[in-house]
Amino acid sequence: METDLQKIHIFKTDIAKIDSNCPMQQTLTNHSDIQEWSIDCEDVDRVLRVVSEKLNSNAIISLVTDFGHECQELL
């Protein structure tokens, strides 16, 4: 669900698994502009879902690619 203040961004990634010691997981969890996020590692597209009021898709893609992962917005 999308509201004026909240936007859900959905991406195709190459993230095979995520764990609590992963630096990317810690960055996404602790990012002040991300309200919620999840990755479906069972899906063929390894779907990343990010809820943010402030970040745009390009900023999120940069966050993920900085950790060496591919990330492409799904429209």
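Predicted model: local features only at pLDDT ≥ 70, side-chain atom pairs only at ≥ 80, totals over all residues.
## Two cysteines, no bond

Let's start with sulfur. A disulfide is a covalent bond between the sulfur atoms of two cysteines. How many disulfides does a search of the whole structure find? The count is zero. Take C22: the nearest cysteine sulfur belongs to C41, and that is 9.8 Å away. To count as a disulfide, the two sulfur atoms would have to be within 2.5 Å, so at 9.8 Å the sulfur of C41 is too far from that of C22 for a bond.

Are these cysteines buried or exposed? C22 has a relative accessibility of 17%, so it counts as buried. C41 is buried too, with a relative accessible area of 18%. The cut-off for buried is under 20%.

## The buried side of helix α1

Now have a look at helix α1, which runs over residues 23–30. Which of its residues are buried? They are M24, Q25 and L28. These residues sit on the same side of α1, because they cover an arc of only 100° around the axis.

## Two salt bridges

Time to move on to charged side chains. Searching the whole structure turns up two salt bridges. One of them joins the side chains of K12 and D45, with 3.8 Å from N to O. K12 is in strand β1 (residues 7–13), while D45 is in the loop between β2 and β3, so this pair ties together parts that are 33 residues apart in sequence. How open are the two partners? K12 is partly exposed at 35% relative accessibility, and D45 is also partly exposed, with a relative accessible area of 25%.

The side chains of R49 and E36 form a salt bridge as well, and here the N to O distance is 3.3 Å. R49 belongs to strand β3 and E36 to strand β2, so the pair ties together parts that are 13 residues apart in sequence. R49 has 26% relative accessibility and counts as partly exposed. E36, at 44%, counts as partly exposed too.

Methods
Residues numbered from 1 in each chain as written. Heavy atoms only, no water. Buried < 20%, exposed > 50% of the residue type's maximum accessible area, 1.4 Å probe, protein only. Helix = DSSP H or I, 4+ residues; strand = E, 2+ residues; numbered from the N terminus. Arc of directions from axis to C-beta. Salt bridge = Lys/Arg side-chain N within 4 Å of Asp/Glu carboxyl O.
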